Each structure stands twice: as structure tokens, then as C-alpha cells.
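Have the sequence and the 3D view open side by side while you read. This report walks from domains to a sheet, then to contacts and the core.

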Amino acid sequence: MKEKKLMKGNEAFALAAIRSGCRFYFGYPITPQNEIPEYMSRELPKIGGSFIQAESELAAINMAYGAAASGGRVFISSSSPGIALMQESISILASVQLPVVILNVMRGGPGIGSIQPAQGDYNQVTRGGGNGDYHVIVYAPNSIQEAMDMIAKAYDVADEYRNPVMIAADGMLGQMMEPVDLPEDKGGIKAGDITKVKPWALTGHKDMRDRIAMNSVWLKQDQLEDYINSYWPKYEKAEQELAEYETRSLQAAEVVFVSFGSTSRITLEAMRLLEREGIKAGLIRPKTLWPFPFHAFDEISAKTKQIISVELSKGQMMQDVKLAVSGRWPVGLISRVGGMLLDPLEIVLKTKEILEVR
Amino acid sequence: MKQKRIFIAGFGGQGVLLIGQLIAYAAMYENKNVTWMPSYGPEVRGGTANCTVIISDETIASPLVSTCDILTVMNGPSLERFEHMLIPGGELFINQSIISEKNSRADISVNYVDCTGIAIEKLGNEKTANMVMLGAMIKKAGIVETAAMKKAFEAVFIGSKAKLISLNLEALNSWEGKGDSRN
């Protein structure tokens, strides 16, 4: 029988990381994700893991660089402005192809912003944030259970693609409690097994093999271009294989919402209210933000008259929605920003306004 | 029961978040879907605290609500601020120990609970005031069964707090009011 427990989002995320084999956590406090370092500082030492409270976000992500380079499973968590501080090294992690799972419990921005839930990091998480040609694979859960499942999956995807993977949660998911089925405990990798599962890891060659260098600096530009082209197919593969989404009631939908994360739950509530008023609404919920599930939009019915991006940002996701729609339908926006949340009734009212204007 | 939306408000230290968590645990033991969502912000000691608990037979969409079926207020400012959230026919629980005003809405059921008074006189421990309120809520609004709440106590009061379980169970049954059902 599955182990069921009522858990606060942040603690559940940390538990999911540990049960996925994470043994290294480096962090710097920031609301609304502080329960994560608290949990890790208590639990990791019990199982032989390492918790370090770093002196800054930059220090934390660079400690992750070191631990990942030597083959460890690492968990990094922060919130929007803290993730912004880490972007330099996330670019480096991608350039040296290291698997690190990074959780972003998003809050209001720009700048230091507010500490309430927001999705204004959409561009930050999907467009790199750091410099250069790379992508970060981004999962966007809408429940604590889904976040735990996605964290478990993120570790495998990060290892397979040798790339940073981000979980874009938000303050609502971090702070709320829901019952969850605990994932199975996969246990940590034994030091002696690292070279078997991660032959690229820096474990010390002891004159037994050639040295491995992890290097983000390329003074010969033609070599750098060759190097980028050598790893770029994995992103093409990711676009083919990793995009995930959920659809609801697309058949016969007059209006189709596109919404992710906790906002998608509020959108679902609004859909129920609209249904009572005789307005048929459908939903496309991207479960990955990069790669964005463009092909989901091919499932929209010919009866649909309007697409609406519902998000806690000023239409950042709407840009991807417009790319996906490619002019086939008009695209509208319903949003709140700065840490303010959408109310189901507000979505209903604004949807009716958009449909009337049309 | 299709869905029950419960909003509990007061100031920090009154055990407002704990009342909500215990209800959430108990609902989980009754195999209901449940969400617990606290207010969070730049909190200060003694500042406002509130939480929303939703219990449902179906998947819960939003963990936040703009209206509720059950409203519990532990201090005066919360009554003033959140009274409008309660739907007609809803249950209002007022901590009578520190809220002196009577509620004048005719379309709801109002329950006055002298949390601190009962906690001191019947239980000999002022700190059980929030459990007195929890008991009143369960008794009047029938949110969860007492058996499930007992399991919730056993899950939450662990280690050095385990010794509080019997006192808290006593507190659950200490309110004798039936509420002021004017509707």
C-alpha cells in the first residue's frame, strides 16, 4: 500500500528530491521556499548527505556545479530573484553539460519584487536567463503530488540529457498542504558506482584513465561552435520527446484557456462556473514550459472561437501560445501580476468581456 | 457532502493554522480530497494569521476561496474583515472570549464560543482554547468525525507533544452550546 501523508508543498518537494537519490543540497534562504533548506538541513545529515547554507545564491549554485561534476545528485531551490542570481552558473552548467535539478518557487517580480505567488519568471526559466545557446528543461506542476512526481522524473531526465532541469512551482504550491502518496525511495548512488552510471564524472583518474576536463571557456571560436553543434541534437530530441501537456474538454469548446501551474487550478474552477452559464470552455495545460507543447494546439476543435492565455505575468506565456496558434485563432490574455492572484469569478467576467468584444 | 470551504482567522499564536491543519489531517483520514492554504507574508509576532481548508469528494481546483461555508474568527478584526465571505446559510464561529460584539447577519447561523473561559474553567489549561473552538466547529458543523480527528491528533502531536492528546480530546467535547440558529 502506498504511503499517504499530508504535506506542505516545500517539504514534499524536498522529500521527493531525497527519495530520488539527492544527497547534496546547497541553499540560501528566500521566501516562499524556506521550508526546503530547513527540511534538508534536518534530513540530509541523517542519511549521509550534505547540507550547506551558502553565503549567497551564486555560491550555492557553484557548489552544485562541483557536486554535480563529481557525479552527485544535487538539489537547488530558490525563488525568482534568487534564481536570477544563479543564471550565470546555470549557463555554465549547461555549457559543461551537468545534471542539476533546480526548483524555482516563483514569487512576484521584477527586481526583489513581492513574496506572493507569481509566474513572471516564464521568460527567465524558458529563455535561459543566462548567456549563450542552451536550454533548461522546465516542468510546471499544478499540485504537490505532481511536483513530487516531476522532481523524481527531473533527476532521470537531467542525467539522460546531461542538462539542468528546472521545476517551476510557485508560492501557492510551496505553502499549501495536500495529501500525497510518497514516492519510492531510490536511495543514493554509492561512490563506487558513480563511474559506471556517470563515466564523465570527475572522480579522480588515479592514472587509470585519461583525464577529463570540464571547461566553459573556449578561446578558439571555431572549436566552441563545433562543441555547441555537438550537443545541440539533444535539445532537438528534447523538443521531440519531452513536451508534456494535459487537455480538458477541447471538443466543442467555444473558448480554450491555456494555463499552467497553480493558475491552471483556478482556471479549472472558472471553467466550471462558465459551464453553468452555458459557455463551453476547454483547457490546454502545459506540463513542460520548455519544450513548450506546441502540438497540443492541433487538438483544438474547429468550433473554437477564442484562445485565452491565463497567467500570472504580463503575457509572457502568451508569446509561446501565439507561436503555437500561428494565427489560426485570436489570442487573448487574462492576467494578474506582482503577487496578486486570479479569482475564478474574475476569469469568468474577463472571458465574457473578451468574447463580447470579439 | 460535496465540498466544504472553511476559513479560519485570528492573530499569530492563537493556533489558527493548527486548527486548519488538524481538520485537513482528519479529512485525509476520511479519504476526502483536502487542501490547506495559509496566508503568508512579512509576518510579525502577534500579526494576523489565517488559513483556508477545502474538503471535497472531488478533485479540488483552487485552494483559495472568495466565499466560504464555515467561518471561524478568533479575534475582532478578523470578524470585521472576513464576515462578508460567509455564504447565506453558513456557520459562523466567534471566539466570544475576546470578541464582545454580537453578529447581526440574519441569514447565517452564529455560534459564540468562550474558548478561553472554557479552556481555563473546564480544562485548567488556557492553551487549549483553540481546541475548544475546533471541538465547537466539529460539533456544530459536522466537518469530520471525532475518530478521524483523534487520528489527526496522533499524527500531529508527536514526541514531547504526545502527552497533550488526551487533554485535547477532552477539549474537543467541552463546548456545550448548540449555536444560535436564527435561520
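What follows is a short tour of the structure above.

First, the ground rules. This is a predicted model, in which local features need pLDDT of at least 70, side-chain atom pairs count only at pLDDT 80 or more, and totals for chains, interfaces and linings use all residues. Residues are numbered from 1 along each chain as its sequence is written, while chains are lettered from A and ligands numbered from 1 in the order in which they are written.

**Two domains in chain A**

Chain A is assigned domain 1 (4–194) and domain 2 (245–357), with bounds that come from an automatic or database domain assignment. Their C-alpha centres are 28 Å apart. Where they meet, domain 1 of chain A puts in 25 residues and domain 2 of chain A puts in 21 residues; contact here means C-beta atoms, placed from the backbone, within 7 Å. On the domain 1 side, helix 5 (122–126), strand 6 (137–139), strand 7 (165–170) and helix 7 of chain A are the elements that give two or more residues. Helix 5 of chain A gives the most, with four residues. Helices (H or I, at least four residues) and strands (E, at least two) are DSSP runs, numbered from the N terminus.

**The five-stranded sheet**

Chain A has an open sheet of five strands in the order 9-11-10-13-14, with mixed pairing; strands pair if DSSP finds at least two bridges between them. Strand 9 (245–248) and strand 14 (331–335) of chain A each have a single partner strand, so one side of each has no neighbour in the sheet. On average, neighbouring strands of this sheet are turned by 20° against each other, direction ignored. Strand 9 of chain A runs antiparallel to strand 11 (residues 281–286) of chain A, with four bridges, and A:Y245 sits opposite A:P286.

| Helix of chain A | Strands of chain A touched | Angle |
|---|---|---|
| Helix 10 (residues 261–276) | strand 10 (255–258), strand 11, strand 13 (306–311) | about 170° with strand 11 |

**Meeting chain B**

In the contact between the chains, 17 residues of chain A face 16 residues of chain B. Helix 10 of chain A turns up again here, giving the most to the chain A side with four residues. That side has 12 nonpolar, one polar and four charged residues. In this count, Ala, Val, Leu, Ile, Met, Phe, Trp, Tyr, Cys and Pro are nonpolar, Asp, Glu, Lys and Arg are charged, and the others, Gly among them, are polar.

**Core and edge**

The largest nonpolar core has 164 residues, of which A:A64, A:V101, B:V132 and B:M133 touch the most other members. Such a core is a set of buried Ala, Val, Leu, Ile, Met, Phe, Trp, Tyr and Cys residues joined through C-beta atoms within 7 Å. Its largest share, 11 residues, comes from helix 1 (residues 16–29) of chain B. Both domain 1 and domain 2 of chain A contribute, so the core lies between them. Beyond four places in sequence, A:V101 has contacts including A:A17, A:F75 and A:I151.

A:K4 is in strand 1 (residues 4–8) of chain A and, beyond four places in sequence, is in contact with A:P179 and A:D181.

How values were computed. Axes are lines fitted to C-alpha atoms, for helices over the stretch in contact, and angles run from 0 to 180 degrees between N-to-C directions. Two residues are in contact if their C-beta atoms, placed from the backbone, lie within 7 Å. A residue is buried if 20 or more other C-beta atoms lie within 10 Å of its own, exposed if 12 or fewer, and partly exposed in between; C-beta atoms are placed from the backbone.
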